[in-house]
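Subject: Structure handover

Hello,

Here is the structure I promised to pass on.

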Amino acid sequence: MTRMLFIVGSLRRGGAETFAMKLFRASLGRDDISIDFISSIPGVYDKEVRDSGRSVFYVGLRTRSLSSVLSSIESIVRYGRYDFVLKFSDSSLSALDLMAARKGGAKATAARSMNSKPTGSSSASIAHLLLRPLLRRSADIWIAPSREAGSFMFGDKGTTSKSYLHLPNALPLKDYCFSDEDRKAVRDELGLAEGNLLVGFVGRLMEQKNPIFLVQAFAGLSAFRPEARLAVVGDGPLKASMEESAQSLGVDQKVFFIDPSDNVRALYSAMDVLWLPSLFEGMPNVVIEAQASGLPCFVSDKVTRESALTRLVQHLPLEKELWAEETFALEKGDRFALSSEACLELKAQGYEISNSLEMLEGRVANALAGG
């Protein structure tokens with residue numbers, strides 16, 4: 001059996017963490033691999049992992065004591081006898097985690113890029129560039145969900161290296177297919193008639209996701225379509241600012257703030273269009289999931305073009321009036337047919353989760369063999 005250890009910030013409902021959990025669930029029932037987690041702090045998926053008979057280890061926050069975190073990673077790898085360690089990375093500082101894993105006896109390591117641009121201060125961005133060569137030396141496998149995310153983490157030439165692995169942000173496609181029952185149940189719960197246009201957003205309410213633009217653009221749409229509603233699925237530091245913006249624009253009664261939950265698959269069915277006005281993205285899970293549900297997606301032209309895996313995705317410049325106009329002009333299609341067609345296309349492009357797990361497993365086996 002190959003013992004794998006995934007290192008994440010926390011098992012929350014973020015894009016990278018959700019993908020890690022999809023890989024984990026796909027591995028259950030297999031007797032040739034097992035996956036455990038290292039996390040800084042408790043998260044919503046911890047119980048699911050433990051109920052499945054696997055482990056989540058907490059090592060604390062790196063901002064409090066980096067040396068303690070690295071020492072803990074080393075000890076966990078040593079005493080757990082893990083063969084392979086994968087770090088979900090937002091900067092090349094992750095090299096330190098992989099070096100600690102190596103010191104603990106890991107036979108193979110990998111870093112998986114979580115984004116396409118740096119977050120944080122300018123000094124953090126400089127540190128990322130300086131430490132990138134160290135990350136490339138520390139990881140046997142350089143993983144990214146898109147070429148932009150790969151270039152950010154490993155450099156432009158990194159995406160052509162034999163160490164590079166494009167690992168799609170795949171999903172269990174059948175679980176995300178459109179459901180008329182889910183659509184009716186969610187819309188009834190929200191008090192929506194079928195004629196109500198429901199714009200959806202799924203993600204963390206932070207600067208990267210551009211949530212204030214979301215509210216402002218919806219206010220413009222509301223002038224054309226007074227019956228339209230906005231469902232904001234997520235939480236984060238800008239939630240209060242969004243609520244204030246909605247109130248000042250007079251649309252607060254038309255905006256539903258919905259806590260993140262495992263019910264997101266049903267929410268996609270209830271929506272009529274997904275908006276993602278992000279300032280940057282590595283490869284957004286939500287757009288892939290929404291396409292599987294046959295949901296038209298308007299995404300920022302700052303988001304990687306690789307996210308347009310089907311004809312359902314349209315990239316738009318960040319002009320509020322344009323988002324309102326394009327949504328107003330959107331023609332309603334047959335969601336069953338759109339979802340079925342999209343799922344076939346996604347599967348053909350490798351976006352079935354079992355395919356991603358097999359790709360990862362194959363590369364790990366090669367690395368363990370010294371290839």
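**Overall picture**

The protein chain has 14 helices and 13 strands. Helices (H or I, at least four residues) and strands (E, at least two) are DSSP runs, numbered from the N terminus. This is a predicted model, in which local features need pLDDT of at least 70 and side-chain atom pairs count only at pLDDT 80 or more, while totals for chains, interfaces and linings use all residues. Residues are numbered from 1 along each chain as its sequence is written, and side-chain values use heavy atoms, with hydrogens and water left out.

The C-alpha atoms of the protein chain fill a box of roughly 60 × 45 × 40 Å along the principal axes. For 371 residues, a compact globule would have a radius of gyration near 21 Å, and the protein chain agrees with its 21 Å. That radius is taken over C-alpha atoms, and the globule rule is 2.2 Å times the number of residues to the power 0.38. Of the 371 residues, 55% count as buried. Buried means under 20% relative accessible area, exposed over 50%, and partly exposed in between (1.4 Å probe, protein chains only). Take the contacts between residues at least 6 apart in sequence: 71% of them join residues at least 24 apart. A contact means heavy atoms within 4.5 Å.

**The seven-stranded sheet**

Seven strands form an open sheet with parallel pairing. Their order is S3-S2-S1-S4-S5-S6-S7. Two strands pair if DSSP finds at least two bridges between them. Strand S3 (56-58) and strand S7 (164-166) stand at the edges. Each has a single partner strand, so one side of each is left without a neighbour in the sheet. Neighbouring strands are turned by 25 degrees against each other on average, direction ignored. Axes are lines fitted to C-alpha atoms, for helices over the stretch in contact, and angles run from 0 to 180 degrees between N-to-C directions.

Helix H14 (residues 353-368) packs on this sheet. Helix H14 touches strands S1 (2-8), S2 (33-39), S4 (84-89), S5, S6 and S7. The direction of H14 makes about 165 degrees with that of S7.

Now look at S6. Strand S5 (residues 108-113) pairs with strand S6 (residues 141-144) in the parallel sense over three bridges. Arg112 stands opposite Ile143 in S6. Three bridges also join S6 to S7, again in parallel. Here Trp142 stands opposite Tyr164 in S7. Ile141 and Ile143 point one way from S6, Trp142 and Ala144 the other way, and all are buried. S6, helix H6 (residues 147-154) and S7 make a right-handed β-α-β unit. Right-handed means that, with the strands pointing away from the viewer, the path from the first strand over the helix to the second runs clockwise.

**Around strand S11**

S11, helix H11 (residues 285-292) and S12 make a right-handed β-α-β unit.

**Three residues to look at**

Most residues other than glycine have a negative phi. Asn210 has a positive phi, near 60 degrees. Asn210 lies in the loop between S8 and helix H8 (211-224). Is Asn210 buried or exposed? Asn210 is buried, at 15% relative accessible area. A polar atom of its side chain lies 3.0 Å from the backbone oxygen of Pro277. Not counting residues up to four places away in sequence, Asn210 touches Pro277, Ser278, Leu279 and Leu318.

Arg81 has a positive phi of about 50 degrees and is not a glycine. Arg81 lies in the loop between helix H3 (66-80) and S4. Arg81 counts as exposed, at 68% relative accessibility.

Lys47 sits in helix H2 (residues 46-51). Lys47 is exposed, with a relative accessible area of 60%. A polar contact of 2.6 Å joins the side chains of Lys47 and Asp51. Such a contact is a pair of N or O atoms within 3.5 Å; within protein, one must be able to donate a hydrogen and the other to accept it, and residues adjacent in sequence count only if both atoms are side-chain atoms.

Best wishes
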